[in-house]
Amino acid sequence: MNRPGRLYIARHGETVFNAAARLQGDHVHTPLTRAGFEQVDQMGAVLRHRLGPKPDLALWSSSAGRASQTLALIAEHLELDWHDARHDDRLVEIGMGCWGGRYYADVAEEYGPIVDLETRLLKPAPDGESYAEIADRVSAWHGEHGSTVGDKLVIMHGISSRVFRGVLRGLDPLPGYGVPVAPGLPQGSVVMIEDGVETLIVEGDGGERA
């Protein structure tokens, strides 16, 4: 019987907003920095070594430009055609509402601390997206595409990938957030999840800003 394949979940490389300490959230496009390109090259090289050239791998990414840019570079390493990739709004980063695009420091000055120091999660903006809403949309994507046969590479973001990984691993809901949330990984990281078990493939050397 054919079974669903492995899910390779990658966090995009560092962007100009990350470097400037600005909240990205669901901003459509904030380009990668030089450091971000280096992180993506490392991800691509490791995946090429692991999977070989032209692997049978479905390419997916968030519809955000930084995720698409990351995917294009990794696809080059794998000798896969970026134009075959599929993009989905349900894989985007947490929606930050009126905080989106602003500097962390400016928002914190106005609203108080916005990063939970214990969990390293962003606190939702007053008009932003809740963690339950993130869990609903990433679960909907997985329900539609995750059970299809074959391996998949999915390029995502810091917060949304933590929720997605938590859901896939069947973790208990995180107190205060109400949904499963996996531990954070720096920009430029890749994990593989198969049958609910997560394996770290690449631990990036980027930061953690979303």
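Tutor: Let us begin with a definition: contact means heavy atoms within 4.5 Å, and the angle between two axes runs from 0 to 180 degrees between N-to-C directions. Please keep in mind that this is a predicted model. With these terms, helix H3 (residues 65–78) is found to lie across E2, E3 and E6, and it runs at about 160° to E2.

Student: What is the order of the strands in the open sheet?

Tutor: The general idea is that strands of a sheet pair through backbone hydrogen bonds, either parallel or antiparallel. Here the open sheet has 6 strands in the order E3-E2-E6-E1-E7-E8, and the pairing is mixed. Strand E3 (86–88) and strand E8 (197–202) are the edge strands, each pairing on one side only. From one strand to the next, the twist averages 25°.

Student: Which strands are joined to E1, and how many bridges join each pair?

Tutor: E1 and E6 run parallel and are joined by 6 bridges. Within E6, Leu-153 is the bridge partner of Tyr-8. E1 and strand E7 (residues 190–194), by contrast, run antiparallel, with 4 bridges between them. Within E7, Ile-193 is the bridge partner of Leu-7.

Student: How many bridges join E2 to E3, and how do these strands run?

Tutor: There are 3 bridges between E2 and E3, and the two strands run parallel. For example, Ser-61 has His-87 in E3 as its bridge partner.

Student: Ala-64 is found in the loop between E2 and H3. Does it count as buried or exposed?

Tutor: A residue is called buried when its relative accessible area is under 20%. Ala-64 has 5% relative accessibility, and therefore counts as buried.

Student: Which residues of helix H5 are buried, and what do they pack against?

Tutor: In an α-helix there are 3.6 residues a turn, so residues three or four places apart point the same way. In helix H5 (residues 131–146), the buried residues are Tyr-131, Ile-134, Ala-135, Arg-137, Val-138, Trp-141, His-145 and Gly-146. These buried residues pack against strand E1 (4–11), E2, E3, strand E5 (121–122), E6 and helix H6 (158–169).

Student: Let us turn to the spaces in the model. What is the volume of the second largest pocket, and which residues lie nearest its centre?

Tutor: A pocket is an open set of grid points, whereas a cavity is a set from which the probe cannot get out. The second largest pocket has a volume of about 190 Å³. Its lining consists of 15 residues, and those nearest its centre are Leu-57, Ala-58, Leu-59, Trp-60 and Asp-151. Strand E2 (57–62) and strand E6 (150–156) are the elements that each give two or more residues to this lining. E2 contributes the largest share, 4 residues. By class, the lining of this pocket comprises 6 nonpolar, 3 polar and 6 charged residues.

Student: How many cavities of 30 Å³ or more are there, and what lines the largest cavity?

Tutor: The count is 1 cavity of 30 Å³ or more. The largest cavity holds about 70 Å³ of space. Among its lining residues are Ile-9, Ala-10, Arg-11, Gly-158, Ser-161 and Arg-162. E1 and H6 are the elements that give two or more residues to the lining of the largest cavity. H6 gives the most, with 4 residues. The lining of this cavity divides into 4 nonpolar, 3 polar and 3 charged residues.

Student: Finally, what is the phi of Glu-79, and where does this residue lie?

Tutor: As a general rule, most residues other than glycine have a negative phi. Glu-79 is not a glycine, yet its phi is positive, at about 60°. Glu-79 lies in the loop between H3 and E3. Because its relative accessibility is 40%, Glu-79 counts as partly exposed.

Student: Asp-195 also has a positive phi. Where is Asp-195 found, and does it count as buried or exposed?

Tutor: Asp-195, which is not a glycine, has a phi of about 55°. Asp-195 is found in the loop between E7 and E8. Exposed means over 50% relative accessible area. Asp-195 has 62% relative accessibility, so it counts as exposed.

Key. Residues are numbered from 1 along each chain as its sequence is written. This is a predicted model: local features need pLDDT of at least 70, side-chain atom pairs count only at pLDDT 80 or more; totals for chains, interfaces and linings use all residues. Side-chain values use heavy atoms; hydrogens and water are left out. On a 1 Å grid over the protein atoms alone, a cavity is a set of points where a 1.4 Å probe fits but cannot get out, and a pocket is an open set with protein on both sides within 12 Å along at least five of seven lines; lining residues have an atom within 4 Å of a point. Grid points are joined across faces, edges and corners, and a volume is the space filled by probe spheres set on the points. Ala, Val, Leu, Ile, Met, Phe, Trp, Tyr, Cys and Pro count as nonpolar, Asp, Glu, Lys and Arg as charged, and the others, Gly among them, as polar. Two strands pair if DSSP finds at least two bridges between them. Buried means under 20% relative accessible area, exposed over 50%, partly exposed in between (1.4 Å probe, protein chains only).
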